[in-house]
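Morning, everyone. Let me put the structure up, and then we'll talk about charged pairs.

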Amino acid sequence: MEIFINVVLPIPLQKHFTYSVSEIEAARLNIGMRVAVPFGKSKLFTALVVKIHNDPPEVYEAKPIHDILDEHPIVTTIQLKHWQWIADYYMCTLGEVFRSAIPSALLLESESLILLNKDVVIDEDDLRDDEFLIYEALKQQNILRVDDIMEIVERKNILPILNGLIKTGAISIKEEIHERYKPKMVRYVRMGDKYNSEKELQELLNSLTRAPKQSQVVLSLFHLQATQKKPIKLSELEIDSRTSRAVIRALIKKEVLEEYFIQKDRVEFKSTKELVPPKTLNEYQVKALNDIKGYFQNDSVTLLKGVTSSGKTEVYVKLIANCLSENKQALYLVPEIAITTQLISRLQEYFGSAISVFHSKYNMQEKVEVWRNVLEDKPKAQLIIGARSALFLPFASLGLIIIDEEHETSFKQYDPAPRYHARDAAIVLGSFFKSNMLLGSATPSIESYHNAKTGKYGYTQIERRFGNVLMPDMELVDIKEQHRKKRMNGHFSERLIEEITETLDQGEQVILFQNRRGYAPILECTTCGHTPQCPNCDVSLTYHMHRKQLRCHYCGHHMALPDSCLACGSTTLDTKGFGTEQVEQELNTIFPSARVGRMDLDSTRGKHAYAKIIHAFENQEMDILVGTQMLTKGLDFRNVNLVGIMNADALLNFPDFRAHERTYQLLTQVAGRAGRTKKRGKVIIQTYNPYHQILKQVTTGDYEGMFREQLYEREQYKYPPVNRIIRLTFKHKEFNKLNEASAWFAKALRNRNEIIVLGPEFPPVARIRNQYLKHVLIKIPQGVSLKITKKNIKRIHNSFDAISQFKAVRIIYNVDHM
Ligand code: ADP
Ligand code: ZN
Ligand code: ZN
């Protein structure tokens with residue numbers, strides 16, 4: 001009987017593809033293994049086996065596969081089930097989920113660009129013939145497409161060989177690597193085989209009398225071997241013997257020394273410190289912990305609402321310890337991994353090398369390592385800390401999922417598909433594993449709190465800060481009034497200046513929050529009113545003082561700062577609005593002796609940039625830290641006593657139904673950085689609307705009030721959590737075509753009476769990268785099936801696709817859009 005396999009290809013195809021396999025191949029194959037398959041005219045892809053069966057495809061003849069790429073499955077059946085759920089729920093294809101879930105190093109295809117890793121030392125003698133050919137070809141050309149390599153070595157089945165070379169680190173796939181590739185082979189030395197006995201050694205030393213440097217190396221190696229019972233690195237020997245690499249090389253050549261390599265995990269977290277036992281919880285933490293355990297008994301997802309600095313993390317630690325003691329893996333999801341260095345080192349104290357971190361800034365080799373460690377349930381992959389993409393790892397078991405700062409919108413992937421919400425997708429994953437699931441936040445999302453209130457989730461809270469430190473004292477400052485009385489110094493009110501002065505005098509630190517980067521969002525000519533715009537997007541260019549540039553925050557377009565107006569030539573240029581750079585500059589004038597740092601997207605580009613800033617601030621190498629919302633996410637600084645919000649209004653006026661909820665969360669979280677450990681902190685909020693309801697709720701910590709009002713509004717206007725929303729984005733480079741296409745679609749949607757359709761409408765920035773955008777928002781009331789609605793939308797989409805003039809119009813679905 002013929003044997004077939006169904007595979008998923010990493011491309012947005014709706015259907016599985018079927019290939020034929022031989023009996024021998026079938027005997028080796030399993031679901032979750034990768035195969036190399038031909039696709040289209042001449043393309044080669046890495047595909048994933050999802051089914052093995054005997055039914056030939058009806059409309060095409062199944063082609064044979066090229067190769068089997070794995071000996072064991074690298075994707076589990078639970079993962080496949082989870083990915084399918086994501087594809088269905090978020091209206092994308094399984095191929096898109098597959099593509100974004102798997103580290104790109106595991107996804108070779110004919111178009112992939114392969115390059116040589118120059119800083120990895122390869123012994124050419126160790127390479128097999130075909131590997132050597134590829135290696136040589138890459139030495140000549142540096143970078144080659146998989147297709148080209150196939151031609152050079154004159155064979156088709158090269159993906160297994162390339163995969164092998166990738167595994168050794170000799171080559172890698174070109175991608176947007178954030179950081180230069182780091183070698184993973186470490187060079188070690190030991191005495192050559194011949195010098196095993198005392199006698200031979202003595203002879204050696206005698207023979208080296210005329211080469212004092214060489215004998216020094218040998219003696220040094222002895223010394224090192226005697227004092228440390230571990231392999232000796234070549235670099236260590238070089239330092240210890242105070243000679244040069246050339247001397248050591250000469251000895252290796254003479255076979256006196258032998259050189260060898262040890263493969264080193266790049267992503268190992270070595271804890272140099274002894275492990276410490278978890279802290280003893282206070283009565284409030286104990287109560288919360290017991291509540292949570294009770295809910296876990298009943299398999300309920302549980303929400304822990306604990307004010308900032310109430311010690312939620314220590315509660316998580318207890319739960320993690322429980323989970324690990326039952327030999328199950330725990331997943332700790334955080335909104336953004338790059339800024340959790342503090343959390344990671346804290347957890348390392350408790351769990352040491354059981355921790356694996358999954359980091360979007362890791363290069364692909366590092367990602368593959370974590371992938372394999374998690375799959376094989378290695379001791380170092382027991383507690384996995386990661387941002388949303390960690391959800392796609394091949395967990396062997398999953399006893400606990402913690403979603404910290406669950407309200408954070410960065411849990412929702414915006415682009416590309418799958419546009420999933422990691423919190424919600426994690427809950428589905430956890431249900432497959434029957435894991436315990438805990439959501440934590442000081443300011444829960446309206447959705448989660450609603451679920452807790454309606455009994456869908458378990459719920460417990462901690463209302464006091466640890467050590468009974470008081471919640472910070474919050475003060476609203478009316479800057480309209482201050483402007484009128486001419487009491488503003490730049491963007492600083494008198495009150496804020498007073499408080500900063502006092503805080504600095506006490507030797508304490510200050511955090512200032514302004515949710516805009518750059519110097520000013522608008523540069524304006526005061527003579528003719530011209531403001532430079534991005535040529536590709538409908539938005540004005542932001543002035544960046546440090547780089548002396550105007551930059552577009554949507555497409556990255558930039559130009560040198562002009563000296564005079566580009567329209568009229570006048571030099572009367574002025575700025576409107578302000579960003580972090582301007583705050584920083586004003587601080588330098590008002591507080592010339594204060595050391596000011598800045599944390600925003602511009603100052604944190606490199607892999608370790610965040611960590612450096614956080615570290616410097618922790619070590620009090622800075623007095624004032626100015627930043628965007630990066631500052632809000634769970635940082636724990638001991639010496640910060642004042643937090644200033646430069647302008648709360650920009651947040652409140654954001655055109656989005658979640659703007660008020662978000663403002664509450666953001667301000668409460670930033671405020672939570674003040675006075676965490678010792679004395680009561682102070683928060684100054686500058687605003688033009690001191691009587692705004694949300695600001696009042698922030699200053700009085702009235703989460704309940706905020707929740708009640710927001711829920712009421714959401715119910716009135718048919719928004720989540722009671723209703724569901726799906727946002728459709730239409731994209732095309734021609735304005736008219738976009739209008740026509742989106743109007744057609746919206747009209748078709750309006751034929752369905754059970755849903756509410758808003759738009760099409762242009763978003764505030766209606767053109768990005770030369771593509772016009774239009775949104776249609778679909779509201780799905782309670783009681784209307786989400787599943788059937790999606791099916792109907794897809795049906796309309798199919799008819800839409802059949803209209804030739806709309807062919808090139810792209811439609812992007814965003815389910816539960818945030
Ligand atoms: P949250 O996660 O709620 O913001 P943290 O867990 O960061 O709060 O705790 C705030 C501070 O209190 C931290 O510095 C932490 O080390 C300390 N802390 C919390 N719980 C305890 C405890 N049981 N014993 C000692 N210190 C604690
Ligand atoms: Zn002008
Ligand atoms: Zn632009």
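I'll go through a few salt bridges and where their partners sit.

This is a predicted model. How many salt bridges does the structure hold? The count is 33.

Start inside a helix. Glutamate 481 and arginine 484 form a salt bridge, 3.1 Å from N to O. Both sit in helix H17, residues 479-484. They are three residues apart, about one turn of the helix. Now accessibility. Glutamate 481 is partly exposed, at 28% relative accessibility. Arginine 484 is exposed, at 60%.

Next pair. Arginine 767 meets aspartate 538 in a salt bridge, with the closest N and O atoms 3.0 Å apart. Arginine 767 lies in strand S33, residues 767-768, and aspartate 538 in the loop between strands S22 and S23, so this pair ties together parts 229 residues apart in sequence. Buried or exposed, for arginine 767? Buried, because its relative accessibility is 13% and the cut-off for buried is under 20%. Aspartate 538 is partly exposed, at 36%.

Third pair. Arginine 714 bridges to glutamate 661, and here the closest N and O atoms are 2.6 Å apart. This one also links distant parts of the chain: arginine 714 is in helix H24, residues 703-716, and glutamate 661 is in helix H22, residues 659-671. The separation is 53 residues. Arginine 714 is buried, with a relative accessible area of 2%. Glutamate 661 is buried too, at 3%.

Last, the network. Asp473, Glu475, Arg495, Glu498, Glu499 and Lys682 are joined into one network by salt bridges that share partners.

That's it from me. Questions, please.

Notes:
Residues numbered from 1 in each chain as written. Chains lettered and ligands numbered in written order. Predicted model: local features only at pLDDT ≥ 70, side-chain atom pairs only at ≥ 80, totals over all residues. Heavy atoms only, no water. Salt bridge = Lys/Arg side-chain N within 4 Å of Asp/Glu carboxyl O. Helix = DSSP H or I, 4+ residues; strand = E, 2+ residues; numbered from the N terminus. Buried < 20%, exposed > 50% of the residue type's maximum accessible area, 1.4 Å probe, protein only.
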